Amino acid sequence: MKRIAKFHKVSFEQFAKDWKDTFEQYSEEEIRNIYDSLKLPKRATTGSAGYDFYAPVDVTMKPGEIVKIPTGIRVEMEEGWVLKCYPRSGLGFKFRLQLNNTVGIIDSDYFFSDNEGHIFAKLTNDTREDKTIQIPAGTGFMQGIFVEYGITVDDDADAVRNGGFGSTTK
């Protein structure tokens, strides 16, 4: 196996800013406690391809509900690699939990963005069976898989990223 990446927490200041943007009701002390309890993604077994991302708080989603989760995580990886994020397969199979962008693509240069490369997950409970999803804090809800990629022989990209969604097409 190639060892090509390392997970880190974003700074507390970045996490608190992003958390408040999504969950206004939390106090600074509550946000600090959430931040301190964040677990870095890890594989469950030696044969696992995916690194589990853990819910920072209890998440309950009624049918049709959407939630944006600031994970508090960033990833430093070698150029030529990408982290692809998917819902944990059991949650997708049992509840139709979906990532709103279907697959999260974390590029290697995202790590250096102004937001520290903070990884978010925007989830939808897309159940057709009227099921409520409950994800306890500390439980894996999303998995990330590192994939090597190639470029065309005539590639001439020279732009530098500074942001997340849509930042490379501006």
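## Aromatic rings in a predicted model

Colleague: Which residue lies over the face of Phe 111?

Modeller: This is a predicted model, where local features need pLDDT of at least 70, side-chain atom pairs count only at pLDDT 80 or more, and totals for chains, interfaces and linings use all residues. Residues are numbered from 1 along each chain as its sequence is written, and side-chain values use heavy atoms, without hydrogens and water. A charge sits over a ring if NZ of Lys or CZ of Arg is within 6 Å of the ring centre and within 35 degrees of the ring normal. At 3.7 Å from the ring centre of Phe 111 lies Arg 74.

Colleague: How many aromatic pairs does a search of the whole structure find?

Modeller: Rings of Phe, Tyr and Trp (its six-membered ring) pair if their centres lie within 6.5 Å; planes under 30 degrees apart count as stacked, over 60 as edge-to-face and the rest as tilted. The search of the whole structure gives 11.

Colleague: Is the pair of Phe 7 and Phe 53 stacked or edge-to-face?

Modeller: The ring centres of Phe 7 and Phe 53 are 5.8 Å apart. Their planes stand at 90°, so the pair is edge-to-face.

Colleague: Is Phe 15 buried or exposed?

Modeller: Buried means under 20% relative accessible area, exposed over 50%, and partly exposed in between (1.4 Å probe, protein chains only). Phe 15 has a relative accessible area of 0%, so Phe 15 is buried.

Colleague: The charged end of which residue sits over the ring of Tyr 35?

Modeller: Tyr 35 is buried, with a relative accessible area of 11%. The charged end lying 4.6 Å from the centre of the Tyr 35 ring belongs to Lys 9.
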